[in-house]
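Please have the viewer open as you read.

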Amino acid sequence: MNGDNAIIEMHKVSKRFGHIKALDNVDLEICPGRIIGLVGANGSGKSTLLRHMIGLYLADEGQCVTFGCDAAKLGPKELGRIGYVHQEGELLGWMKTRQLIRYVSAYYPTWNRELEEQYIADFDISTKARVGSLSPGQRQKLAILLAVCFEPEFLILDEPASALDPIARGQFLDLLLKIIQDEKRTIIISSHILSDVEKVIDHLLIMKKGTLLRDCSFDDLREEYCRVKLTLLSGSLPATLPFGPMVDCVREGGSAIITLQNYTREEIEDKAKAMNCEAEVQALTLEDIYRIVVGE
Amino acid sequence: MRIVEGFEDVAMSILAVNLKHLYQRRGLWLWYVILLCQFGAVVLPMKLKDPRFMGYLIISFLSGMVAGFVQVEILNKPFAFCLPGHRLIPRRFIMLVGAVVNGLLGFVFVFYPGLGFPYVVSVIVAGGFVGMVFYLLGTSLALSGSQQIGAQHNRLMGFSPFLVIVGAFLGWDIILQEMIVSYPVVMAGISFVMCWFTWRWLGRESLGRDYCGTMVMTMFDGFDPKKVERIRQWKASQKGHIGQAALLGWLGRFFNGWMSRQEFLGTGRYVVGNIYTALGKCLVVLSPSTMVFLVLGFALYFGYFSSMGGGAGKIWQVNIVYLWPAIFLLNVDLLPCPSLLVPAGRRDKYYGMLASAMVVTLLTGVLLLIATCVSVWLEGYLPDITLKRLVLSYQGLHVRYLPLFFVFVPISFCVSVLFRRSAIVRIVIMVLLFQVVMIGSMAMSLKEMPVGPIGFLLLGVILWGLFLWVLDRHCRRRSLV
C-alpha cells in the first residue's frame, strides 16, 4: 500500500511482552479512503498493532507515525480524528448510558447529535441503564456509537461485532458502508467473523505470530486464488493435472476440485479444454483465502 | 481420570483433581504465607505466664475460608456443574482438608500443663473438633459471602477476624479453652453435631446450581486484573443508595458544564473530565452509610487502640490511622478506563492522572479530618473499658498529625502507577506496608515525632516529587493499557 498521504506509517515496528514477540518488524502504510480488514488467529498481534497506532502501546523498536505525528506524541488534535472501539468494550460502568454519551461528546467539537439519536434508536440502546449493567452486546453497540458519532476520519474497530447478534451485525455493517461513503474516511476492522468482514473491506491485512503475512487489495487477493471444478467430458483425467503446483486438489472419479494461485480464467479454460474437461471457476471466500495464506 | 471403572474410583480421582488445586492455584500461595504468619498467634500466647491455646482457631477459620473459596471457584465454572460424580465432591474436599488441618492443630493441647495420658488424647480430639467448627464457619462464610457480591455477608466476613480478636480481648478464648480441657467429650459431641449439620448443608442438591456461572469474587482474584475490573464494573452498575443517582446526575451536569467552558481539544477539558470520572468512581463506592461507618469505625477503633500496651500519649498507636488510608490508596486506579479513547495525548494523561491523585487525596483528607473532629468530640464522652487486667482509655486523634497522610500518600500513588496491571503485586506490597507500619508503631513507642515540621515538609516535597517523576516516566514511556 503506497501513498504519499498515508495516515499511518509503521516502519520496522517490534513489540515484546516478556518472552512473547507480539509484533515482529512490521512495516505498514494506511492510506485514506479505505476500509481495511485485519485478520489473524488469536494472539497473532492484531490488537497490539492497532494499539500502537493510537499510542496506547509504544514500540520497543521501529517507529509508528499517525497523522504525521509520532504515535508516542499524539496530542488531542490528532486523537480527535480517531475513533476506537476496544476489543473488551471497557467503559465507565458507574455512569448511565446517557451520562457516558454526554461525557464523551463533551470532548468533540464535531459531535453529531442527530447521528447519536439515530444510532440510539437503530441500535435500541437503553439510555437510562447503567453502563455496567448492559449486556456485552449492548455495551459493544454503545462503544461503537461513542466511536462513530463525532465522525472520525480514521475509525479503528478491534473485534467490534463479536458480541452482536446477527441483526445487529447486519446493522453494523450497513453503518460501516454508510461511513465509508465519505471518501476521506478510513476504517480498519479486526474481526474473526470473516464472512462479515469480506462484505465491506477493500483491503486486507493478514497477521500471523506478530508478522504481517499479506498487505494487499482484497480484489487482488480474490483474483490471485480461485477454485476450479473440472468435470470430464470424455476419456479420463490425466494422472498429473497440467497446472503446475496446486494449492489443493481433490479428485473423485471423472472430476476434480482444485485450488489454484495466479491463474487467469482464460488460462484455466484453455488447459481444461486441452484435457477435454469443463471448468467451473469459483472465487474463494475470505475464510478459504485466509486458511491458504496462513498455511492451515 | 478413570471413567470406566466403578463410581467410587471415579469420585476418588475427581477428589484428587480437586485437591491438586491446593498447590496448582497460584493465588493460594500468598494465603499460605499469610496462614504461616498466623502461627505467631498460636505459639506466642502459649508462652505467657497464663498460657492461652486457642490461637489456632484463627488458622482454622482462615483455612476454612480458603477451602470454601477454592470450591466456590470450581463450582462457579459451568463445566463443573456438568461433571459426572462431582456433586458431592465439594463436601468431601472441604471435610477432608478440614479434618487434616484441625486434626493437626488439635495437638496444641499436648503442651497444656498437667494433662496426663490418655486424658490428653480426648482433649486433643475435642480441640480438633472445635477447630473444625471454626473451620466450617470460615467455609460457610466463604460460600455464602461470595455468592452475592456486596451482600451483607461480605461485610460480616470482613468483621469476622475482628470479632475473633475482640473475643480474645473479652477472654472468650479462655472460657472455650477451659471447657475443652474440662469437658472434652461434651465439647467434641457438640462440635460433632454442628459438623454433621454442615455436612448435610454442603451435600444439598442445589449447591451446584447456586454457584454455577454466577458473578463471584474470591480471595484469590487479585491475580486477575480483568476479573477485578469486571467485578468493579458490575458493582458500580448496581442500584446505588438513595440519592446516589441524583448526586451523580448533578455531578455529570456540573462537570459537563465545566468541561464545555474549557478549550476544545485542550488539556483543561481532559483534566476536568478526569476529575469527574475519579470523583464519580469514589462517590459510587462511598455511600453515606459507608462514610459514616468509616469515620466512626476509625475514630472508635483507633481511639481505644491507643491504650494497648499502655500507649496513651504516644504518637503512633493512635495516629497510625493517618497512615492506613494512605496505604489503602495503593489500589486506586488514577487512569480509569484508558481504552475509552478520548482526545488526550500522553501529556494530557499525565495532568489528568495528577488531577485524579489530588482529588482522591483531598477527599480522603476531608474524611480523615471529619474522623479526627469526631474522635476529639467523643473523647469527652466515651468511658474507659476494663477487660480483666487491661484498661482501654479512649484517646482522640491529633489533628497535628494529619499531615502524615499527605506526606506518605505519594508512595502509594507511585506503587499504584508502577504496578497498574498487577493487582497481586499491589496487594503484597499493601500487606507488607501494613505489617511494617503496625510493627513499627508498636516498636517505636514514640512520644514525639522523630523529625520536626520542616523535616516532614521536606519529606513531603521529596515524596511528591518522586511521584511526579514516576508518573511522568509512566506517561511518556510505558503502555497505557
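## Sheets, cores and a chain contact

In chain A, strands E11(A) and E14(A) pair in the antiparallel sense, with seven bridges between them. Helices (H or I, at least four residues) and strands (E, at least two) are DSSP runs numbered from the N terminus, and two strands pair if DSSP finds at least two bridges between them. One of the bridges can be picked out by residue: A:Arg227 has A:Gln282 in E14(A) as its bridge partner.

Before going further, a word on conventions. This is a predicted model, in which local features need pLDDT of at least 70 and side-chain atom pairs count only at pLDDT 80 or more, while totals for chains, interfaces and linings use all residues. Residues are numbered from 1 along each chain as its sequence is written, and chains are lettered from A and ligands numbered from 1 in the order in which they are written.

**The four-stranded sheet.** E11(A) and E14(A) belong to an open sheet of four strands, ordered E12-E13-E11-E14 in chain A, with antiparallel pairing. Strand E12 (248-252) and strand E14 (277-283) of chain A are at the edges with a single partner strand each, so one side of each has no neighbour in the sheet. On average, neighbouring strands here are turned by 20° against each other, direction ignored; axes are lines fitted to C-alpha atoms, for helices over the stretch in contact, and angles run from 0 to 180 degrees between N-to-C directions. Strand E11 (residues 225-232) of chain A is also joined by seven bridges to strand E13 (residues 255-261) of chain A, and the two run antiparallel. In E13(A), A:Ile258 is the bridge partner of A:Val228, and A:Gln261 is that of A:Tyr225. Helix H9 (residues 265-274) of chain A packs on this sheet and touches E11, E13 and E14 of chain A; its direction makes about 155° with that of E14(A).

**The six-stranded sheet.** Chain A has another open sheet, with six strands in the order E6-E7-E8-E3-E9-E10 and mixed pairing. Its edge strands are strand E6 (82-85) and strand E10 (211-217) of chain A, each pairing on one side only. Neighbouring strands of this sheet are turned by 15° against each other on average, direction ignored. Four bridges join strand E3 (residues 35-40) to strand E8 (residues 186-190), both of chain A, and these run parallel. A:Ile36 has A:Ile188 in E8(A) as its bridge partner. Helix H10 (residues 286-294) of chain A packs on the sheet, touching E3, strand E9 (203-208) and E10 of chain A, and its direction makes about 40° with that of E9(A).

| Strand pair | Bridges | Direction |
|---|---|---|
| E11(A) and E14(A) | seven bridges | antiparallel |
| E11(A) and E13(A) | seven bridges | antiparallel |
| E3(A) and E8(A) | four bridges | parallel |

**Nonpolar cores.** A:Ile188 turns up again in the largest nonpolar core: of its 82 residues, A:Ile54, A:Ile156 and A:Ile188 touch the most other members. Such a core is a set of buried Ala, Val, Leu, Ile, Met, Phe, Trp, Tyr and Cys residues joined through C-beta atoms within 7 Å. A residue is buried if 20 or more other C-beta atoms lie within 10 Å of its own, exposed if 12 or fewer, and partly exposed in between, with C-beta atoms placed from the backbone. Helix H5 (residues 136-148) of chain A gives the most to this core, with seven residues. Apart from it lies another core, of 49 residues, including B:Tyr56 and B:Phe134. Of the 296 residues of chain A, 40% count as buried.

**Where the chains meet.** The contact takes 34 residues from chain B and 34 residues from chain A, two residues being in contact if their C-beta atoms, placed from the backbone, lie within 7 Å. On the side of chain B that touches chain A, H14(B) gives the most, with six residues. Within chain B, H13(B) and H14(B) pack at an angle of about 170°, with their axes 9 Å apart. The two helices are therefore roughly antiparallel to each other (angles under 35 degrees count as roughly parallel, over 145 as roughly antiparallel, 65 to 115 as roughly perpendicular and the rest as oblique).
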